[in-house]
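Subject: Handover of a structural model

Dear colleague,

Please find below the structure I am handing over to you.

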Amino acid sequence: MLKSKVAVHAVSFGLLPDDAIMLGESYLKQWKIPTAQPITLRLGAYRQPIKVVSVARYDGMRINQSLARRIGLASSATLRLHYSEKTSTLSLGPIIGVLISRDYPNLPDRPFGSITMFCKELVDGCADEGAHVFFFTPNGISENSDTVEGWVFNNAWKRISMPYPDIVNNRLTSRKLENKPNVQQFLKEIKMRHSAHVFNEKFLDKHEVFDALKSDLKLIRYLPESHLLRNYTMLKAMCSKYESVFLKPVRGSLGKGIIKITRTDNGGYQAMFTTTAGTRKQQFASLVKLFSSINVKMKTVRYQVQQGLQLIDISKRPVDFRALVQKNAAGKWTVTSIVARTAGGAHFVSNLARGGTLSTVKEAIGKSNLLVARQEAPERLQRAALEIAEGIDQHIPAHFGELGIDLAVDTSGRVWLLEVNSKPSKNDNTPLTELKIRPSVLRMIQYSRYLSGF
């Protein structure tokens, strides 16, 4: 196998001109890189003609300091190289650009707020894997340019101009930001003009997911009955069919805005609303009255009406499961982690933002009221997560590299899909054993290498 990992060192102009690089002899022999004629050096969208100088008994690469600055490299970095004889191009990379919602330049130690630790972990993982990562916001994108203003870590966080990357990991957490014209234009241009890969390129709406997956015979068994709530007739039909139903904002997240509707013994209905303080309950004499109270909300929020399920619980607190499913170094979906989430005492949703707690799958199943198929539950959850991720790839025309898949188990041991998140939180899915660099971070880098051919 050809050696691709290379230690790159920046040296002063006096030692090496701008249009030359020094490369260890073993790399030149293995990759058949010529030294007699100029070739093209490529990093992301950056191109420059260079001459290659062979260095005996040297296991690395030296480049000029000003060239290193133009491509955002520190005085030393570990990258992968690839040489194409056909195009006479020596590529270094992969260059990974992570598109994030906001930065805080006035906080030099935490320029990305609560995800700064994740970003630093990605920097460390890239150093191990031989990749280069930078972080940028929609404000860093400029028109008519092949560069973006981004952040790199070189002993401290620094803002610099970077060439368009090989890979963009879209971690925007706001649909409003994602739909900005300059963001959409950038994503379109980087794919078409520079053949870059963008993954997690869009948000997923609840209705879109359920609508796409219900045509797949293999996946129907995981799908609770679900419809876009259009009128009273639909709500009435669902409420007469099921003991309880959930209304979920089509574009909601973190358990916000969910309403649970249950029939009461006196023929009326109870609505339970999620709030930051806990659950607010309201009684209605009839379904008509309940519907008219939420009809006002429906003018601004679209709801998905979903079959209520008899889910397992721990001491009356509902339990569900978040699977982090990622593509690996071979481009295949794999389950990186599954954690159990138990709802907080005053809540009927399990999100950590609503006071939920994390535990292992085995621990949650062991403490729960599930009486059948206990041994099979972890394996069933794994299989469901993989099949659903593959279904998303097959039925939704967008590129995803990681998905947060929320699953539940009912009291008969059956696995159900609750929702799919294309921008999984970097805190919510943390495995319960703390390692220096989490497998989820390494997998994202390895998939980026796979996509870019490094």
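**Overall picture**

Please bear in mind that this is a predicted model. The protein chain contains 11 helices and 25 strands. Its C-alpha trace spans about 90 × 45 × 40 Å along the principal axes. Of the 454 residues in the chain, 56% are buried. Where contacts link residues at least 6 apart in sequence, 67% of these contacts join residues at least 24 apart.

**The six-stranded sheet**

An open sheet is built from six strands, in the order β14-β19-β15-β16-β17-β18, with antiparallel pairing. Its edges are formed by β14 (226–228) and β18 (278–284), each of which pairs on one side only. On average, and with direction ignored, neighbouring strands of this sheet are turned by 20 degrees against each other. Helix α6 (residues 206–213) packs on the sheet, where it touches β14, β15 and β19. The direction of α6 makes about 50 degrees with that of β19.

Within this sheet, strand β15 (residues 244–249) runs antiparallel to strand β19 (residues 303–307), and five bridges join the two.

Strand β10 (residues 147–153) pairs with strand β11 (residues 157–163) over seven bridges, in the antiparallel sense. E149 has S161 in β11 as its bridge partner. The two strands form a hairpin with three residues between them. In the turn, N155 has a positive phi of about 70 degrees.

A further hairpin is formed by β21 and β22, here with five residues between the strands. G331 lies in that turn and has a positive phi of about 80 degrees. Strand β21 (residues 317–327) and β22 are antiparallel and pair over nine bridges, with L324 opposite S337 in β22. On β22 there is also a pairing with strand β23 (residues 357–360), antiparallel and over four bridges; R341 stands opposite L358 in β23. Strand β22 (residues 333–342) is largely enclosed by the rest of the structure, because 10 of its 10 residues are buried.

**Helix pairs**

Two helix pairs deserve a description. Helix α3 (residues 116–129) and helix α11 (residues 439–452) have axes that come within 9 Å and cross at roughly 55 degrees. The two helices are therefore oblique to each other. The crossing of α3 past α11 is right-handed. On the α3 side the contact involves F118, E121, L122, G125, C126 and E129, which meet V441, L442, M444, I445, Q446 and R449 of α11. By class, this contact has seven nonpolar, two polar and three charged residues.

Helix α7 (residues 232–241) packs against helix α8 (residues 287–295) at an angle of about 130 degrees, and the axes are 11 Å apart. That angle makes α7 oblique to α8. Here too the crossing is right-handed, as α7 passes α8. Y232, L235, K236 and C239 of α7 make the contact with L287, V288, L290 and F291 of α8. The residues of this contact are, by class, seven nonpolar, no polar and one charged.

**Two individual residues**

S452 is placed in helix α11. Although S452 and I96 are 356 residues apart in sequence, their C-alpha atoms are 9.6 Å apart in space. Leaving aside residues up to four places away in sequence, S452 touches P94, D166 and I167.

L219 is found in the loop between α6 and β14. With a relative accessible area of 1%, L219 is buried, the cut-off being under 20%. Residues up to four places away in sequence aside, L219 touches L213, E387, I388 and G391. From R70, L219 is 149 residues away in sequence and 49 Å away in space, C-alpha to C-alpha.

I would welcome your remarks once you have looked through the model.

With kind regards

Conventions:
Residues are numbered from 1 along each chain as its sequence is written. This is a predicted model: local features need pLDDT of at least 70, side-chain atom pairs count only at pLDDT 80 or more; totals for chains, interfaces and linings use all residues. Side-chain values use heavy atoms; hydrogens and water are left out. Two strands pair if DSSP finds at least two bridges between them. Axes are lines fitted to C-alpha atoms, for helices over the stretch in contact, and angles run from 0 to 180 degrees between N-to-C directions. Contact means heavy atoms within 4.5 Å. Angles under 35 degrees count as roughly parallel, over 145 as roughly antiparallel, 65 to 115 as roughly perpendicular and the rest as oblique. A crossing is left-handed if the near helix is turned anticlockwise from the far one by less than a right angle, and right-handed if clockwise. Ala, Val, Leu, Ile, Met, Phe, Trp, Tyr, Cys and Pro count as nonpolar, Asp, Glu, Lys and Arg as charged, and the others, Gly among them, as polar. Buried means under 20% relative accessible area, exposed over 50%, partly exposed in between (1.4 Å probe, protein chains only).
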